[in-house]
Amino acid sequence: MDPDNDRNAANERRFGGREGGQDRRAAGKARERVTVTREDQVAARETAVRAREHAASLRDITSRQREAAVAHRENRAANLERHVREAGDVQQALELHMVRLRQANEHLVITALQAQTMTEAVQLAKDQMVHMVHHDFLTGLPNRALLMERLGQAIAIARRQGARLAVLFADLDRFKVVNDSLGHAAGDLLLQTVSQRLLQVIRASDTVCRLGGDEFVVVLTEVANERAVSEIADKMRRAIGEPYQLGGLTAYIGVTIGVSVFPDDGGDAESLIRNADVAMYHGKHSGRDTCNFFRSQMNARASERQRTEADLHQALQRGEFELHYQPRIALENGRLTGAEALLRWHHPLLGDVLPLRFIPVAEECGLIVPIGRWVLREACSQAMAWRGAGLVCGVISVNLSALEFRHPDFLANLRTILADSGLPPGQLELEITEGVLMRDADASAAVLRELKQIGVLLAVDDFGTGYSSLSYLNQFPIDVLKIDQSFVRDIGVAPGGGVIVSAVIAMASSLGQRVVAEGVEDAAQLQFLRARRCDEGQGFLFSRPLPADQFAQLLARPGARVA
């Protein structure tokens, strides 16, 4: 059976026959149309919804695309701006780098120039140091080190060639007087001038050097004989003897020369210099301003000086020194006014050694300072011992050397001695030469002021023998002028022999200073001094220097009169 027919038959039975069936079919078709229409409408609505959703989606997409485009543009703009900024930074960095590079290059150039300059400066400094090591700072002449080197070379050449050479040791005469009276600046100028004059005298192959102080050494190579050496030495003496203009003043000096010859007087540099030095000292003691060739017997004198220095070191410890006292007399009435303490040396083997023999040695080796302190302490103690015995000795006068006066401990040592001895400062008179005072006038004035504060008296010893200006008499607090015995000795010997003595007495009187004449030995001198109203005198006419016990006998005389 056909299923469709079955369904149709069932439907017909359900809806009542054929007509009814047709109506039902029409109604069904209408319903189908309605259903289709509704379905179409639903589909249309769904399509519209989907279209709207699609449109919305498109709008969203468009919006996102627009936002993306905007963001892209903004990013591009930002990136571009960043790139521009970074490019600007890079350019600025490049410019800064270029500036720094240029500065670095400039600094490099400057540094290179500075390095070159420093290298040159270092080399110059090295050269100067080498020069300073081998040359004298003041004169520019070779020093001892370079002398020994050149002399050693000259000896080696002379030995190979069988030649002779000479060493000249030159020591200036009266240089100390000029240096003390005019000052160190004038002394330095004088030494520089002497150096220039020596260089003009010697040959180019010779060497002149300064050992120190006022000592010079000249090495003459290839000398024929002593006569040739003497001729050059005479040229040196004449050149050095020419006048010197020093600060507006004219000064004169001389030179004493000692000569040793290779190979006769030594086979090495030390021996030749030592023997030339010995010959020079021989000349100093035999007249000065001379030229002396070394002789073997001269070594005996040099050895004697060395022994003297060695013995002086022990003389203080052994108690070999003693003070003698020479009276000072008031010329008006002959009364004893004081005494000058004078040093004596009793050598255990040689006996009494003259001061002229050992004082210069003590000054040269520096022993004069401890010896001078002993003299000062002993004199003050002896004066107090006389006072304790009821003897009035008046003023006790003590000489000061240059080394003592300039010593840093001098003032402190003086105060200690006065305190220990108990001697009133006004009874101590310190004698200082004008040469010592004028060596450094400002420093001397300062020390003299301190001495006056202590209360001691101050005397200028050997007045008139220096080259100083008399204006210092107003600057220094001087109490006493001691006229040198060389001027007193000229009184009555020749016309005008006492003019200087008269002038000094008159000048000192106007300045309120006392005058003591040294070296009074005869009645004519005493009469002359009394006529000029000289205050005091001392000399052999009144008394020789006496030991302390004999001097006490003078003090014990009634009225303590000597003349």
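# Exercises on aromatic pairs, salt bridges and a helix

A search of the whole structure finds 8 aromatic pairs. The model is predicted, and local features need pLDDT of at least 70, side-chain atom pairs count only at pLDDT 80 or more, and totals for chains, interfaces and linings use all residues. Residues are numbered from 1 along each chain as its sequence is written, and side-chain values use heavy atoms, with hydrogens and water left out.

**Exercise 1.** Classify the ring pairs that Trp345 forms with Phe321 and with Phe358.

*Solution.* Step one is the criterion: rings of Phe, Tyr and Trp (its six-membered ring) pair if their centres lie within 6.5 Å; planes under 30 degrees apart count as stacked, over 60 as edge-to-face and the rest as tilted.

Step two is Phe321 with Trp345: the centres are 6.0 Å apart and the planes make 45 degrees, a tilted pair. Phe321 lies in strand 8 and Trp345 in strand 9, so this pair ties together parts that are 24 residues apart in sequence. Helices (H or I, at least four residues) and strands (E, at least two) are DSSP runs, numbered from the N terminus.

Step three is Trp345 with Phe358: at 5.4 Å centre to centre and 80 degrees between the planes, the pair is edge-to-face. Phe358 belongs to helix 9 (residues 355-365) and Trp345 to strand 9, so the pair ties together parts that are 13 residues apart in sequence.

Step four widens the view: ring pairs link Phe321, Trp345, Phe358 and Trp374 into a cluster.

**Exercise 2.** Locate the salt bridge of Arg328 and Glu536 and state whether each partner is buried or exposed.

*Solution.* A salt bridge is a side-chain nitrogen of Lys or Arg within 4 Å of a carboxyl oxygen of Asp or Glu, and the structure holds 20 of them. For Arg328 and Glu536, the closest N and O atoms are 3.0 Å apart. Arg328 lies in strand 8 (residues 321-330) and Glu536 in strand 16 (residues 536-538), so the pair ties together parts that are 208 residues apart in sequence.

For accessibility, buried means under 20% relative accessible area, exposed over 50%, partly exposed in between (1.4 Å probe, protein chains only). Arg328 is buried at 3%, and Glu536 is buried at 5%. Salt bridges that share partners join Arg328, Glu429, Arg514 and Glu536 into one network.

**Exercise 3.** Describe the surroundings of Glu340.

*Solution.* Glu340 is found in strand 9 (residues 336-347). Its relative accessible area is 5%, so Glu340 is buried. Contact means heavy atoms within 4.5 Å; not counting residues up to four places away in sequence, Glu340 touches residues including His324, Tyr325, Glu431, Lys482 and Gln538. The side chains of Glu340 and Gln538 make a polar contact at 2.7 Å. Such a contact is a pair of N or O atoms within 3.5 Å; within protein, one must be able to donate a hydrogen and the other to accept it, and residues adjacent in sequence count only if both atoms are side-chain atoms.

**Exercise 4.** Find the buried residues of helix 3 and describe its two ends.

*Solution.* In helix 3, Leu146, Leu147, Leu151, Ala154, Ile155 and Ala158 are buried. They cover an arc of only 165 degrees around the axis (taken from the directions from the helix axis to the C-beta atoms), which puts them on the same side of helix 3. At the N-terminal end, Asn143 is the cap, with a side-chain oxygen 3.2 Å from the backbone nitrogen of Ala145. Just after helix 3, Gly162 takes a positive phi of about 70 degrees.
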